[in-house]
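These notebook entries record what I looked up, beginning with the ligand and ending with the backbone.

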Amino acid sequence: LLHKLRRSNATTGRLIQQLPHAVIIGVRKGGTRALLEMLNLHPAVVKASQEVHFFDNDHNYGRGVAWYRRRMPFSLPGQITIEKSPAYFVTEKVPERIFRMNLSVKLLVIVREPTTRAISDYTQVLEGKERKNKTYHSFETLAVDSSTREVNTKYKAVRTSVYAKHLEHWLEFFPVQQFHVVDGDRLITDPLPELRLVERFLNLAHGISRDNLYFNSTRGFYCLRFSRRFSKCLAGSKGRPHPDVDPAVLDKLRHFYRPFNQKFYQITGRKFDWP
Ligand code: A3P
């Protein structure tokens, strides 16, 4: 925040905690952290660093909106606050709760090719198990039902990637214009054009430049430059190597997702080159 105040020459003005103007509602493993951190490069954007889990967690929700506001960072009145909690996208009660807080809040959804996202999701869980020295199932056994040989839609990592289904539930509360879909695969390879689209959606002037992002070949990702002296890459928990998955299972999943993807393109007006 200090960098930001310095950059915007804001020496006066009262710092306040504002409810979010925009929420990154998901998708888990879509690149939600990278999106939040990159948007935070913008002088007019302030982020809640932690996932707040206000709307998806009944205990937190019961603490009330004043509690939620107190979880928000300090900002100047002209700045906008953004929070991200990827569980929001797939949690049934969340759309209505967000609607009740602010029916005109802007909603950001970052997606990746669904099968890759499911494997990324699995990889995160696998790492957690390994850290506790526990064994875990292979992706193939979880993603495919052993008796029917069909895609196992009970497996959460599979279900989360059915983007159209989740989005349809959100559309019961918000018009489609209130959502902006970010291409998480492009955010990895070429982030700036995606960030420009988000700036436009949030009605922000261009505030993130090419100088703010540089490719770090050791990490294999773009990292963030806030000023000449301050830059950072995302934590090592982002960009884990994925396990090799049986190509027949990959085909099965891609085939399974295809109609849902078509639906998602149709609803959002954003087409991806997903297989
Ligand atoms: P993988 O770990 O599968 O590579 P989330 O923050 O929603 O959990 O998403 C994590 C994903 O963000 C990572 O998935 C990674 O590929 C992606 N990502 C996008 N841009 C990144 C960046 N600049 N640095 C690190 N990871 C990035």
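Which element gives the largest share of the shell around the ligand? I found that α2 does, with three residues. I noted that helices (H or I, at least four residues) and strands (E, at least two) are DSSP runs, numbered from the N terminus.

I recorded that this is a predicted model, in which local features need pLDDT of at least 70 and side-chain atom pairs count only at pLDDT 80 or more, while totals for chains, interfaces and linings use all residues. Residues are numbered from 1 along each chain as its sequence is written.

Entry on the shell. I listed 17 residues around the ligand, of which T32, R33, A34, S120 and F221 come nearest. The elements that give two or more residues to this shell are α2, α10 (184–189) and β9 (221–225). A residue is near a molecule if its C-beta atom, placed from the backbone, lies within 6 Å of it. By class, I found seven nonpolar, five polar and five charged residues in the shell. Here Ala, Val, Leu, Ile, Met, Phe, Trp, Tyr, Cys and Pro count as nonpolar, Asp, Glu, Lys and Arg as charged, and the others, Gly among them, as polar.

Entry on the backbone. Most residues other than glycine have a negative phi, and most peptide bonds are trans. I looked up a cis peptide bond that joins G26 and V27, with omega about 5°. V27 lies in the loop between β2 (22–26) and α2 (32–39). For H53, in the loop between β3 (45–47) and α3 (58–62), I noted a positive phi near 50°. N203, in the loop between α11 (191–201) and β8 (213–216), has a positive phi near 55°.
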